[in-house]
Amino acid sequence: MNQTESGNASQGSDYQNSIRILSESSCLFLLVSEDGEIKDVGSLWSKVTQQAQLSNSFDEEFLLSGYEDFVDLKNRYTKGNVLFFNHRQTGLKFKASFFKIDLGHVFIVNPIVNADFPLKLFRMDLNDFPDHSYIAESIFLSEISMKGLNEAQELNIKLNKKNFELKGSLAKVERLKLELEEFNLNLEKIVDEKTKENISLQANINEIEKFVAIGEMTMGIAHDLNSPLSAIIIGIQNLNSSIEFLMENLVFQFSKEDIGFALQHSKNVSSRSFHSTLQMMKERGEVQQLLEVEKGRASNEAFELADGMVKVGITAEDRMNIDKVLSHPAPKILLDLMFHANIVHQMLTTISVASNRSAEVVSDLRRFTKGAFEREKIAVNLLDSVNGVLRVLSSNFRSNINFEIQVPNDIEIQAIPREVFQVWANVIKNAIEAIGEKGGTITIRAERSDRDIKVEFENDGPKIPEEFLNTIFERFKSSKGGDNFGYGLNIVKKIIESNHWKVDVRSDEKSTAFTFIIQS
Amino acid sequence: MISVPDSAIICIDDDEAVLNALSVQMQQMINTQKVVLEFFLDPHVALSSIPKIIEMKIKIIFVLTDYQMPGMTGVQFMKQLKADYPEIRFIMLSGQADDSLVEELLKDHTLDYFISKPWTFSDLLEKIKLLVPVDKLNKTA
């Protein structure tokens, strides 16, 4: 026994094997296994207490009743107040001692495995038992142990708390991880959707580009037709009121000769119906003076006649017509006739000029739009295509931009007409933007070799910085932030790539040129 | 007897046919013995001539300008002139002026009236009657 209970009381700080007397009539009981695990406390404890209070010895049957699972009852034996038994499942040896002290009853169970097992609390020697001083020491040591236990428990609580916090954090991490996974899934979905959107967007952009070209054409046509149409509409209104006035108030008062004179005169005067009133005032003064001084007319009459004469384009130098008017019996009415005859002539001229110009616009347009809706490549006359673009874009041009066209009229390229328009239009718009407010010259030249056709658009605008030159065809890369700059050139790039053309851009202090090489 | 006009109306359009047609309308509406009518094909010439007219103590009743012109738009022209003569009133004629721009100009009173091309005699007369005193209009107008 001694050797199996070889613990040392001085090492009793190990709380695992400790006991604690809690009060006079109670005691603590620990059932501790070899590896230091507390196996049981509970009901056995209360039984011990009851028994212990009854006698100095304990009834082992009573003590172990209900512990059949734990204690191998067959192999148990007692020596004095100590009960030895084996653990039922593991076969580990246990001993239990019971003794009564003044402060209470203590029941101890310690495992006995081998000599090395650190029985730190008691030196369990039957010969010494019961030894009060020893017990007292054990209680003291127990207290120390309890301190350790408390500390350990505190530590354990802290650890548990930490563990709990850690578990909380882990739970959070798990939750975040889940959220992240969910987010990732959503993100993938969004990316998928966006990719699909982008694909359809690109298709839309291609469509929009076509519409932009059509829109520009339409704007150009609208502008080119609006002014002559205005002149025609107003011209007809003016013509109408003059003819009405002639018919209702004048014609019947005149002879065939008078009417012939008025018509003939109207053809000789300027077709311009607008005159500076200030200039007319000066001319009127001269005529009035002539009428007063040379023709002896009263100043009132001279003023009115001079006013009428100047309005129909008769100046002081035009003595023949002055005499002709003065010789007429009703010179003021003759001047009215001449005035309206002039308007009729001027308005007919205006309407004619404006109509011809409208017809020209339509003719240019027809030449240009030849194959505008063609989806296949056809033979496109290079000069016509350039002129068509200039015609359509003319409303964007400032008067300080000069075009020099050096394109032979017999060069044809195989291309989709709309694409040719888009390329020329964007390069020209780019050149106009580059030239800026100051104005300048855009030279368009073309030459043909055996293998290919070279088309060059040169402008004398400022040098494009090299960092922009490299990315000039990239969308939205603009040195100016202009509306079309960059975007338009990106369209150019796409068309060029799809047609296997080549383009070269060079820029220096003198000029910037885009050169296209098109296989013939 | 011979009254020297004390007021003027200035018309600018780079299109000669339009200016021809417009001038006949203006002469029908405006009494040219009382009002100086000046026509310009080039807005730059107009800008240099207008101060000379004002120096002659002739009040400019309004300026009628096209929108799209070579070298400068009607809006640029208007703003340049307004910088020196803020009291001058404007009518703009255009077939293609940006609607929102026109609205903005009308709102801040840079522009007094807008007439879209092509217009009619009565379109123009309606606006002119709002700007020109009756005694300076022709009775037939």
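**Entry 1: helix 9 against helix 10, chain A**

The contact is made by S385(A), V386(A), G388(A), V389(A) and L393(A) on the helix 9 side and by V420(A), F421(A), W424(A), A425(A), I428(A) and K429(A) on the helix 10 side, a contact being a pair of residues whose C-beta atoms, placed from the backbone, lie within 7 Å. I sorted these residues by class and found eight nonpolar, two polar and one charged, where Ala, Val, Leu, Ile, Met, Phe, Trp, Tyr, Cys and Pro count as nonpolar, Asp, Glu, Lys and Arg as charged, and the others, Gly among them, as polar.

Before going on I note that this is a predicted model, in which local features need pLDDT of at least 70 and side-chain atom pairs count only at pLDDT 80 or more, while totals for chains, interfaces and linings use all residues. Residues are numbered from 1 along each chain as its sequence is written, and chains are lettered from A and ligands numbered from 1 in the order in which they are written.

For the geometry, I read that the axes of helix 9 (residues 382–393) of chain A and helix 10 (residues 417–435) of chain A come within 9 Å and cross at roughly 60 degrees. That angle makes helix 9 of chain A oblique to helix 10 of chain A, since angles under 35 degrees count as roughly parallel, over 145 as roughly antiparallel, 65 to 115 as roughly perpendicular and the rest as oblique. The axes are lines fitted to C-alpha atoms, for helices over the stretch in contact, and the angles run from 0 to 180 degrees between N-to-C directions. Helices (H or I, at least four residues) and strands (E, at least two) are DSSP runs, numbered from the N terminus.

I also looked up D384(A), which is found in helix 9 of chain A and is partly exposed, with 18 other C-beta atoms within 10 Å; the cut-offs are 20 or more for buried, 12 or fewer for exposed, and partly exposed in between. D384(A) and E412(A) are 28 residues apart in sequence and 9.5 Å apart in space, C-alpha to C-alpha.

**Entry 2: helix 5 against helix 6, chain A**

The axes of helix 5 (residues 277–293) of chain A and helix 6 (residues 299–311) of chain A come within 8 Å and cross at roughly 135 degrees, and the two helices are therefore oblique to each other. I found this crossing of helix 5 and helix 6 of chain A to be right-handed. Among the residues that make the contact are M280(A), R284(A) and L291(A) of helix 5, and F303(A), A306(A) and M309(A) of helix 6. By class, the contact of helix 5 with helix 6 has nine nonpolar, two polar and four charged residues.

**Entry 3: nonpolar cores**

Which residues have the most contacts inside the largest nonpolar core? I found A306(A), M309(A), M338(A), I9(B), I10(B) and C11(B), in a core of 73 residues; a core here is a set of buried Ala, Val, Leu, Ile, Met, Phe, Trp, Tyr and Cys residues joined through C-beta atoms within 7 Å. The largest share of this core, 10 residues, comes from helix 8 (residues 331–369) of chain A. Leaving out residues up to four places away in sequence, C11(B) touches L19(B), L22(B), M26(B), F39(B) and L64(B). A second, separate core of 36 residues includes I401(A), V420(A), V503(A) and F514(A).

**Entry 4: chain B and its side towards chain A**

I counted five helices and five strands in chain B, running β-α-β-α-β-α-β-α-β-α from the N terminus on. Buried residues make up 44% of its 141 residues. I then found 27 residues of chain B in contact with 32 residues of chain A. On the side of chain B that touches chain A, helix 1 of chain B gives the most, with nine residues, and by class that side has 15 nonpolar, nine polar and three charged residues.

**Entry 5: backbone exceptions**

Most residues other than glycine have a negative phi, and most peptide bonds are trans. The peptide bond from K117(B) to P118(B) is cis, with omega near -10 degrees, and P118(B) is found in the loop between strand 5 (113–116) and helix 5 (121–131) of chain B. H500(A), although not a glycine, has a positive phi of about 60 degrees, and with 9 C-beta neighbours inside 10 Å it counts as exposed.

How values were computed. Two residues are in contact if their C-beta atoms, placed from the backbone, lie within 7 Å. A crossing is left-handed if the near helix is turned anticlockwise from the far one by less than a right angle, and right-handed if clockwise.
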